[in-house]
Amino acid sequence: MLVLISAMPGFLSKGAYLSPQDKEALFWIKNNTSPNSVIFSQWDLGHPITYLAQRIAFMDGYFEFAPDVKQRNETMNVLISTSNCSTIKNLVQANKLDYFFIPTKAINSNTYKFGALEADCENESMVYASNSTKIIKWN
């Protein structure tokens, strides 16, 4: 019990999976986007988007309770892995998405590298980029 109590503060202060760059990017979203912006990312980043960026997350850890969970999950998988501008534009418009938050853990993923990060579409622009975190704005 004593070991658990003494380890908890360190665990909580480090965060489970957000890098300092991810947190900085989420604060950038909070300070530089409209309060009603919808932020797209992996489902496991939905709660940090809602909490730290104080914005609407397209998907979060409770997505399995959403009435359109199958469609949202498919949208997430396609947007992350495609570089087809027409597909991206259609999904962004259909789901009313504003920004795409790409976290540290995804930057070097082949799925992102040969999908979302490879796309060079006229309806998107990189509005934030660090060495390991990126934010794309969809117009």
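The axes of helix α4 (residues 69-81) and helix α5 (residues 85-95) approach within 10 Å and cross at roughly 145°; axes are lines fitted to C-alpha atoms over the stretch in contact, with angles from 0 to 180 degrees between N-to-C directions. Helices are DSSP runs of H or I with at least four residues, numbered from the N terminus. This is a predicted model, in which local features need pLDDT of at least 70, side-chain atom pairs count only at pLDDT 80 or more, and totals for chains, interfaces and linings use all residues. Residues are numbered from 1 along each chain as its sequence is written, and side-chain values use heavy atoms, without hydrogens and water.

In α4, Gln71, Thr75, Val78 and Leu79 meet Thr87, Ile88, Leu91, Val92 and Asn95 of α5, contact being heavy atoms within 4.5 Å. By class, this contact has five nonpolar, four polar and no charged residues.

The protein chain averages a pLDDT (the predictor's confidence in each residue, from 0 to 100) of 83, and 84% of the residues score at least 70.

Where pLDDT is low, the predicted coordinates should not be read in detail.

Notes. Helix = DSSP H or I, 4+ residues; strand = E, 2+ residues; numbered from the N terminus. Nonpolar A, V, L, I, M, F, W, Y, C, P; charged D, E, K, R; others polar.
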